[in-house]
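Dear colleague,

Here is the structure I promised to pass on, and below it are my notes on what was found in it. Please read them with the structure open beside you.

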Amino acid sequence: MDGVVDHLADERNKAQFDVEEMKIVWAGSRHVFELSDRIARLVASDPVFRKDNRATLSRKDLFKNTLRKAAHAWKRIIELRLSEEEASKLRFYVDEAAFTDLHWGMFVPAIKGQATEEQQQKWLPLAYKMQIIGCYAQTELGHGSNVQGLETTATFDPQTDEFDIHSPTLTSSKWWPGGLGKVSTHAVVYARLITDGQEHGVHGFIVQLRSLDDHLPLPGITIGDIGMKFGNGAYNTMDNGVTRNGKCVRSNVPRQLIYGTMVFVRQTIVSDASCALSRAVCIATRYSAVRRQFGSQNGGVETQVIDYKTQQNRLFPLLAAAYAFRFVGEWLKWLYTDVTQRLQANDFSTLPEAHACTAGLKSLTTTFTADAIEECRKLCGGHGYLCSSGLPELFAVYVPACTYEGDNVVLLLQVARFLMKTVSQLGSEKKPVGTTAYMGRVEHLMQCRCSVQKAEDWLNPNTILEAFEARTARMSVAVAQKLAQFANPEEGFLELSPNLVEASVAHCQLIVVSKFIEKLQQDIPGKGVKELLGMLCNIYALNILHKHLGDFLSTGSITPKQGSLANDQLRSLYSQVRPNAIALVDAFNYTDHYLGSVLGRYDGNVYPKLYEEAWKDPLNDSVVPDGYHEYIRPLLKNQLRNARL
Ligand SMILES: CCCCC/C=C\C/C=C\C/C=C\CCC(=O)SCCNC(=O)CCNC(=O)[C@H](O)C(C)(C)COP(=O)(O)OP(=O)(O)OC[C@H]1O[C@@H](n2cnc3c(N)ncnc32)[C@H](O)[C@@H]1OP(=O)(O)O
Ligand SMILES: Cc1cc2nc3c(=O)[nH]c(=O)nc-3n(C[C@H](O)[C@H](O)[C@H](O)COP(=O)(O)OP(=O)(O)OC[C@H]3O[C@@H](n4cnc5c(N)ncnc54)[C@H](O)[C@@H]3O)c2cc1C
């Protein structure tokens with residue numbers, strides 16, 4: 001900021017907490033903060049990583065530019081001898097969907113989680129040095145959610161000691177895998193295993209797709225890109241592939257680990273949600289402090305739009321959710337590490353809970369974040385619709401997260417199965433543990449009454465927790481009772497699936513709220529940091545209560561009067577957060593390069609930069625547009641009838 005006027009300085013001076021300490025809380029530790037800060041600046045200062053031209057490049061140029069960035073990133077990683085942690089941060093800050101996401105994010109984890117020791121020794125060193133590039137080829141043209149319905153076959157031939165991978169139908173073509181279309185040399189392909197004419201379900205196989213000499217597909221393999229996707233620049237930096245046929249190397253893993261890579265990636269997606277959400281919120285918050293509309297008295301300045309209660313009511317719950325998702329993401333990472341260690345010791349007992357938590361939280365956080373990015377665009381008024389706001393691209397890149405790695409509704413139905421199983425086991429020897437431990441108090445939760453009498457009573461974490469637990473337990477038990485009336489449970493499950501999904505959402509919201517409350521029980525240093533986090537936790541919880549009031553009232557978990565008091569408390573919390581809003585988004589420590597938004601600039605110097613940015617558009621290369629002589633002039637001169645169009 002040297003020599004630059006900070007238009008948001010007054011806002012920063014209002015902060016009532018230690019921003020530097022909050023940055024550490026957000027990062028997770030001082031080590032991660034320092035590392036992230038260093039790598040973010042490194043990326044921001046490298047001209048190869050510029051991204052302000054993405055919206056105007058053609059698909060081919062966009063894609064080639066992504067290849068250039070990926071190669072440059074790898075070069076820098078080698079030159080600077082970056083650790084795995086630093087390298088992954090570098091890719092994060094380059095901020096461009098690319099084949100490397102799938103290579104490092106799915107191909108390598110799939111081998112680590114599912115391949116035998118011998119296979120790992122063969123493939124991992126090659127993958128780590130990027131001497132092979134891999135992708136995760138599960139989804140087919142005909143089946144994505146229904147993994148057991150995949151049609152690709154892997155038939156073992158004992159004579160050659162090989163598997164014959166075959167796509168017997170058009171719908172069995174692998175369709176969607178990122179990196180597959182143009183870049184990957186190898187893939188983990190999911191196929192139905194057949195030995196001695198017998199089927200053994202879906203397994204993963206490492207398949208070489210392309211020659212390592214000339215990159216041509218190997219004989220019998222047809223590969224291409226599936227075409228343009230939603231948004232202009234956005235996700236079109238990625239090649240998503242279609243392929244048929246191939247040969248491969250043998251794989252043999254325990255049944256329970258086949259889905260393991262999905263559990264891993266879903267866990268990373270929850271942390272990514274807090275990044276995407278915080279980024280949109282940072283843009284909308286800074287711009288809301290810069291933007292003024294109405295309210296000028298005697299020729300004075302107009303009101304900052306952030307001071308309108310409606311703006312706060314839309315924006316601050318999103319800010320609170322960004323922090324909430326950060327902390328639940330941290331916890332989920334711990335849960336994943338724990339389950340991985342147990343699996344290595346052949347303990348599969350916590351896998352169902354890990355599956356339900358990763359599936360449910362992936363669904364909850366991505367749905368919320370996609371909607372929130374769009375809300376942030378609207379919070380920025382007309383300028384939010386400009387590509388230079390960064391929000392349209394962020395939305396287009398982010399929104400498929402609601403679909404990939406498991407459609408969000410399909411995933412909530414998985415949570416519902418877990419919940420219904422838990423309810424059905426109540427009263428048996430098997431006590432609910434972990435995130436369903438509250439079900440162990442179901443008798444109390446079915447009849448307890450919320451004690452809130454005045455608005456401030458809602459600030460008690462135990463009061464909030466019990467209201468959320470009662471709501472979820474009552475919704476789950478109610479739908480379980482309805483299910484029990486069906487002679488065929490699967491028929492009942494289909495019929496009641498909307499109710500089941502609602503119970504799952506309630507359960508996942510309870511997890512997020514409870515993990516935020518647990519975070520606040522830790523020792524958190526820094527003036528005012530814990531107080532501010534407490535306010536955000538209450539905003540997150542009370543906003544859900546307000547938005548889902550129907551659930552809380554219909555289950556009798558709270559009274560209408562208590563619902564109204566929660567809303568009064570929310571308004572008061574907004575006023576307390578307001579002076580801290582800019583500092584709370586500064587704590588994300590995003591560089592202007594990473595934010596990629598004129599509206600979200602750190603210095604708040606929005607208008608001159610918007611004007612400057614507009615002139616850079618290729619349409620402004622000439623004053624009179626290309627096409628004037630063919631199409632506009634004849635129109636104006638009434639010569640269209642004779643014109644050759
Ligand atoms: C840092 C880098 C990150 C990289 C990526 C990040 C950013 C984004 C970049 C690019 C995009 C990236 C990736 C996208 C990649 C993909 O999309 S890959 C494809 C993902 N596909 C899916 O997610 C498919 C969704 N469908 C399913 O998960 C399953 O088919 C199903 C819905 C769960 C149904 O399974 P099925 O076997 O038919 O049925 P059932 O319900 O009977 O389940 C059987 C039992 O298995 C348990 N189970 C199911 N899933 C899991 C799991 N993942 N882990 C553990 N256990 C699981 C289930 O609970 C059942 O158990 P029971 O005890 O029998 O009840
Ligand atoms: C950008 C992007 C990247 C991707 N990358 C990869 C990749 O790298 N590798 C890979 O293998 N795949 C990849 N995929 C594929 C992705 O995992 C699938 O698209 C996803 O799992 C959803 O499956 P589907 O497309 O079959 O949806 P469908 O299952 O066809 O869903 C269509 C609709 O049906 C509903 N539905 C489906 N089943 C049920 C049910 N049982 N009950 C109620 N409703 C149901 C869904 O809710 C949805 O509304 C990617 C997809 C995208 C968009």
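Helix packing

Helix H8 (residues 260–290) packs against helix H11 (residues 391–398) at an angle of about 165 degrees, and their axes lie 11 Å apart. H8 is therefore roughly antiparallel to H11, where angles over 145 degrees count as roughly antiparallel, those under 35 as roughly parallel, 65 to 115 as roughly perpendicular and the rest as oblique. The axes are lines fitted to C-alpha atoms, for helices over the stretch in contact, and the angles run from 0 to 180 degrees between N-to-C directions; helices (H or I, at least four residues) and strands (E, at least two) are DSSP runs, numbered from the N terminus. On the H8 side the contact (heavy atoms within 4.5 Å) is made by Ala273, Ala276, Arg279, Ala280 and Ile283, and on the H11 side by Leu391, Leu394 and Tyr398. By class, this contact of H8 with H11 has seven nonpolar, no polar and one charged residues, with Ala, Val, Leu, Ile, Met, Phe, Trp, Tyr, Cys and Pro counted as nonpolar, Asp, Glu, Lys and Arg as charged, and the others, Gly among them, as polar.

Before going further, please keep in mind that this is a predicted model, in which local features need pLDDT of at least 70 and side-chain atom pairs count only at pLDDT 80 or more, while totals for chains, interfaces and linings use all residues. Residues are numbered from 1 along each chain as its sequence is written, chains are lettered from A and ligands numbered from 1 in the order in which they are written, and side-chain values use heavy atoms, with hydrogens and water left out.

The axes of helix H12 (residues 408–424) and helix H14 (residues 461–484) come within 10 Å and cross at roughly 85 degrees, so H12 and H14 are roughly perpendicular to each other. Leu419, Met420 and Val423 of H12 make this contact with Ser476, Val477, Val479, Ala480 and Leu483 of H14.

Nonpolar cores

The largest nonpolar core has 142 residues, of which Leu319, Tyr323, Trp458, Leu533 and Tyr540 touch the most other members. Such a core is a set of buried Ala, Val, Leu, Ile, Met, Phe, Trp, Tyr and Cys residues joined through side-chain atoms within 4.5 Å, where buried means under 20% relative accessible area, exposed over 50% and partly exposed in between (1.4 Å probe, protein chains only). Helix H9 (residues 309–344) gives the most to this core, with 17 residues. Leaving aside residues up to four places away in sequence, Leu533 touches Met22, Val25, Tyr323, Phe327, Phe516, Leu520 and Ile524. A second, separate core of 32 residues includes Trp123, Val183, Ile258 and Ile269.

Individual residues

Ser363 sits in helix H10 (residues 351–379) and counts as buried at 1% relative accessibility. Ser363 and Leu411 are 48 residues apart in sequence, yet 6.5 Å apart in space, C-alpha to C-alpha. Leu315, in helix H9, is buried at 0% relative accessibility and touches Val281, Ala284, Thr285, Ser288 and Leu379, not counting residues up to four places away in sequence.

With best wishes
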